[in-house]
Amino acid sequence: MATSTVENYLKAILHLAEDEAATISVGSIAKNLTVTPGTVSAMMKHLSDEKLVDYVPRRSVALTAKGKRQALQVVRRHRLIETFLVQVMGLDWAEVHEEAEVLEHVVSGRLLARMDEMLGYPRYDPHGDPIPNENGEYADPGDLQPLAEVTSGRFRLLRVDDSDSDLLDWLQSHQLLPGREYEIISRDSIAGVMEILVPKNRSHIQIGEKAASRILVEPVL
C-alpha cells in the first residue's frame, strides 16, 4: 500500500496535469507541495522505480497508467469524504478540505464503499468537483471556463477552488454555489470587477477577477 507521502505526490502530479499547456517539472511539483526541488527529485526517482511516473531528470514528469490509477483513487477518497462530511456530518463546505486531506490516507476501501452507498453514489463533491468511480472514471465536466473570462450574460456555476476556506466562506455568504445560475449585470475591465445578479434573492454583488478566476462556469444560452 502506498504511503501518504507517495499518495500526495501522485495527486499533486495529477492536478498539475489538468493544465494541458504546462510541462510538469520538479520545480512545479515542489511549489505545489511546498517542498524543496531536491526532495522532489529524490521522490521522483523512487516513484520511477515503482513504475508510477515517467521521469526525465531536469526535463519532465508524467504519471504512468499505474500511477494515474492510484492518483485517481486518492482523489476519489478525498472527494467522497468531503461529500460525506458535508451531507452526513453537517460540516461547512469551507471546513472539509483539510479534514479530507488527512482522512483520505486512512479510510479503508470497505468504509469508503459504504460511504458511497449512503450518499447515493454522488457524481460531484460539494465544491462541484467530479468524483471518480471505482474504475477511475468520472463525469465529463464539459467545456468549463473561469468566471473571470466570461464577459456578459447568464452562467451556471459548476466548480470552485476548495483549497481556500476564506473564498468558500465568501461564496457561501453571497449564495454563489455550484449548480445554480447567475447573471453578469456589468463588468469594469479596468478596475477588474464584475457585478453579478443572484436570482434567489435578487441581490447584486461585486466580485474581483482574482476570485472569479477560481470559479469555473458554463454559459447558459
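**Reading burial, salt bridges and cores**

Me: What relative accessible area does E209 have, and how is E209 classed?

Reply: E209 has a relative accessible area of 34% and is therefore partly exposed, since that class runs between the 20% limit for buried and the 50% limit for exposed. The model is predicted.

Me: Which residue forms a salt bridge with E209?

Reply: Side chains of opposite charge can pair when their charged atoms come close. In this structure the partner of E209 is R187, with the closest N and O atoms 3.5 Å apart. R187 is partly exposed as well, at 29% relative accessibility. E209 belongs to helix 8 (residues 209-212) and R187 to strand 5, so the bridge ties together parts that are 22 residues apart in sequence.

Me: How many salt bridges are there?

Reply: The count comes to 12. One of them joins R159 to D129, with the closest N and O atoms 2.8 Å apart. R159 lies in strand 4 and D129 in the loop between helix 6 and strand 3 (145-146), so this pair ties together parts that are 30 residues apart in sequence.

Me: Are R159 and D129 buried or exposed?

Reply: Both are buried.

Me: Which residues are linked in a network of salt bridges?

Reply: R154, R156, E181 and E218 are linked in this way. R154 is in strand 4 and E181 in strand 5, so the pair ties together parts that are 27 residues apart in sequence. R154 is partly exposed at 39% relative accessibility, and E181 is partly exposed at 28%.

Me: Which residues have the most contacts inside the largest nonpolar core?

Reply: In soluble globular proteins, nonpolar side chains tend to be buried together. Here the largest such core has 23 residues, and L147, Y182, I196 and I215 have the most contacts inside it. Elements giving two or more residues to this core include strand 4 (153-160), helix 7 (165-173) and strand 5 (181-188). A second, separate core has 22 residues, among them V6, L16, M44 and V53.

Me: Where is Y9, and what relative accessibility does Y9 have?

Reply: Y9 is found in helix 1 (residues 4-17). At 5% relative accessibility, Y9 counts as buried. Beyond its neighbours within four places in sequence, Y9 is in contact with residues including I29, L33, M44 and L47.

Me: Which residues form a nonpolar patch on the surface?

Reply: V88, M89 and M118 form one, with about 290 Å² of accessible area together. M118 lies in helix 6 (residues 109-118) and is partly exposed, at 46%.

Definitions and conventions
Residues numbered from 1 in each chain as written. Predicted model: local features only at pLDDT ≥ 70, side-chain atom pairs only at ≥ 80, totals over all residues. Heavy atoms only, no water. Helix = DSSP H or I, 4+ residues; strand = E, 2+ residues; numbered from the N terminus. Buried < 20%, exposed > 50% of the residue type's maximum accessible area, 1.4 Å probe, protein only. Contact = heavy atoms within 4.5 Å. Patch = residues over 30% accessible without salt bridge, like charges linked within 9 Å, V, L, I, M, F, W, Y side chains within 5 Å. Areas by Shrake-Rupley, 256 points an atom, 1.4 Å probe, with all protein chains shown as cover. Salt bridge = Lys/Arg side-chain N within 4 Å of Asp/Glu carboxyl O. Core = buried A, V, L, I, M, F, W, Y, C linked by side-chain atoms within 4.5 Å.
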